[in-house]
Amino acid sequence: MSPFQIPSTLLIGGGASQQLGPQLAGLGVRRVLVVTDEFMVSSGTVAAILDVLPADIEATVFSGVQPDPTTENVLAGLAVYREFAAEGLVAIGGGSPMDAAKAIAVLVKNSGPLAAYQGYHRIPGPGAPLVAIPTTAGTGSEVTKVAVITDTERDVKMMMLDRHLLPTVALVDYQLTLSMPPALTAHVGVDTLTHGIEAYVSRKAGGMTDPLALSCIRLTARHLPTAWAEPGNPEARAAMMLAACQGGMAFANASVALVHGMSRPLGAIFHVPHGLSNAVLLPAVTRFSLPGAVSRYAEIAREMALCPFSTSDEEAAAQLVPGLEELNRRLEVPRLRDCRGVTRERFDQLKRKMAEDALASGSPANNPVVPTAEDIVSLYEAAW
Ligand SMILES: NC(=O)c1ccc[n+]([C@@H]2O[C@H](COP(=O)([O-])OP(=O)(O)OC[C@H]3O[C@@H](n4cnc5c(N)ncnc54)[C@H](O)[C@@H]3O)[C@@H](O)[C@H]2O)c1
Ligand SMILES: [Fe+2]
């Protein structure tokens with residue numbers, strides 16, 4: 001039986017990020033390390049959030065987190081935390097700064113190394129307090145007990161799942177996502193959809209996660225195309241932020257499955273952004289997995305409004321893969337072969353290693369149809 005775990009405080013709505021001061025005061029944190037990336041600083045987002053902190057809270061900014069953060073990023077942030085004698089952390093950004101901040105928070109109180117915490121429930125004790133403020137919609141990392149950090153020595157994206165990775169507070173403010181350009185909106189939005197779908201078909205799905213997963217799927221299908229076409233649309237952005245948060249709560253407690261298992265090696269080796277690598281894999285992996293959970297996939301097709309609610313399971317499920325392919329076309333998601341940095345030669349050299357790394361992550365074992373390494377190689381080929 002899997003425990004259902006989420007942060008103890010969640011504020012969601014326009015302007016939620018302005019509540020940082022009272023939330024830090026409530027945690028008794030007076031010196032705080034802000035973990036973010038360069039864009040969040042240059043765009044003025046970090047300053048706008050820190051400007052409203054009361055005078056008795058001091059902050060220092062570490063902006064050295066790269067997309068798909070590495071163990072080096074985490075250790076550099078930890079050094080700044082110690083030098084500043086911080087008492088807690090604030091993460092501002094997408095999944096990358098949030099995951100880096102989670103790993104730093106854990107290493108403040110646990111001796112590490114981080115690689116020892118790869119996998120499930122390996123972290124000995126709680127970390128430093130962390131307030132997560134997402135700016136993409138998104139990974140849902142603000143509400144998950146998951147962090148993904150690339151171990152550059154092994155070229156592996158390490159997935160860590162442990163309750164000690166949960167942020168203490170999540171401030172979920174859709175206004176911070178209005179600046180996302182269409183391609184980023186598409187990639188992170190399909191990541192959200194994949195969280196909902198994988199949580200719903202996972203072998204660890206349950207009564208708490210199912211409604212969150214279905215709501216995430218429904219909201220994404222309805223609002224992602226609008227958020228992509230009209231970046232400044234507040235209704236679509238607010239709906240996608242809610243979907244991302246619900247998707248995070250669902251997948252962290254029900255697990256992701258084969259899409260995420262196969263997506264991480266594409267990120268570790270070819271640096272394909274996480275949401276994009278999910279998007280290119282989602283239709284092919286769904287076609288493969290469908291026979292293992294026809295009625296669940298049919299429910300997903302109905303929630304996505306791909307068919308009337310009265311449609312039979314077989315007919316509804318048959319609409320899903322064409323619907324996902326059409327969504328990718330609409331959002332201008334490329335094929336794997338057209339992703340920057342992916343060459344046919346390296347793909348051929350590494351597809352077997354990628355399949356083995358995917359299996360080793362444990363996520364494919366939650367899939368409705370559990371694949372072999374050969375199946376996974378064929379699925380990478382199908383996405384090519
Ligand atoms: N911990 C979890 O539960 C979880 C879940 C899914 C994915 N992830 C991880 O999260 C990472 C990906 O996170 P992500 O997809 O949010 O992207 P990201 O954090 O890597 O950011 C991608 C780019 O978008 C920019 N950006 C962020 N917010 C923006 C905004 N509002 N406007 C304009 N640009 C903005 C960033 O500066 C960066 O250049 C991956 O490493 C992935 O493995 C973690
Ligand atoms: Fe994801």
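D37 sits in the loop between β2 (31-35) and α2 (38-42); helices (H or I, at least four residues) and strands (E, at least two) are DSSP runs, numbered from the N terminus. The model is predicted, so local features need pLDDT of at least 70 and side-chain atom pairs count only at pLDDT 80 or more, while totals for chains, interfaces and linings use all residues. Residues are numbered from 1 along each chain as its sequence is written, chains are lettered from A and ligands numbered from 1 in the order in which they are written, and side-chain values use heavy atoms, with hydrogens and water left out.

With a relative accessible area of 19%, D37 is buried. Buried means under 20% relative accessible area, exposed over 50%, and partly exposed in between (1.4 Å probe, protein chains only). Not counting residues up to four places away in sequence, D37 touches S63, V65, I92 and P97, where contact means heavy atoms within 4.5 Å. F309 is 272 residues from D37 along the chain, and the C-alpha atoms of the two are separated by 44 Å.

The whole protein has 14 helices and nine strands. Its radius of gyration is 20 Å, close to the 21 Å that the globule rule gives for 384 residues, so the protein is as compact as a globular protein of that length. The radius is taken over C-alpha atoms, and the rule is 2.2 Å times the number of residues to the power 0.38. Along the principal axes, the C-alpha atoms fill a box of roughly 60 × 45 × 40 Å. Of the 384 residues, 60% count as buried. Among contacts with a separation of 6 or more, 77% come from residues 24 or more positions apart.

The iron ion (ligand 2) is coordinated by D191 (OD), H195 (NE2), H260 (NE2) and H274 (NE2), at 2.1 to 2.2 Å. Donors are N, O and S atoms within 2.8 Å of the metal (3.2 Å for Na, K and Ca); water is not among the atoms, so sites may look incomplete. The four donor atoms subtend angles of 86 to 167°, which makes the arrangement irregular. Four donors count as tetrahedral if all angles lie between 85 and 135 degrees; four count as square planar and six as octahedral if opposite donors are over 155 degrees apart and all others between 65 and 115; anything else is irregular. The donor residues are spaced D-x3-H-x64-H-x13-H in sequence. D191 lies in helix α6 (residues 182-201) and H274 in helix α10 (residues 274-289), so the pair ties together parts that are 83 residues apart in sequence. Both D191 and H274 are buried.

Next come the nonpolar cores. Such a core is a set of buried Ala, Val, Leu, Ile, Met, Phe, Trp, Tyr and Cys residues joined through side-chain atoms within 4.5 Å. The largest has 79 residues, of which M262, L281, I300 and Y380 touch the most other members. Helix α8 (residues 234-254) gives the largest share of this core, 10 residues. Beyond four places in sequence, the contacts of Y380 include M262, L281, F347 and M354. A second, separate core of 30 residues includes L33, V35, V65 and A105.

T136 lies in the loop between β6 (130-134) and β7 (146-151). This residue is buried, with a relative accessible area of 10%. P211, found in helix α7 (residues 209-229), is partly exposed, with a relative accessible area of 48%.
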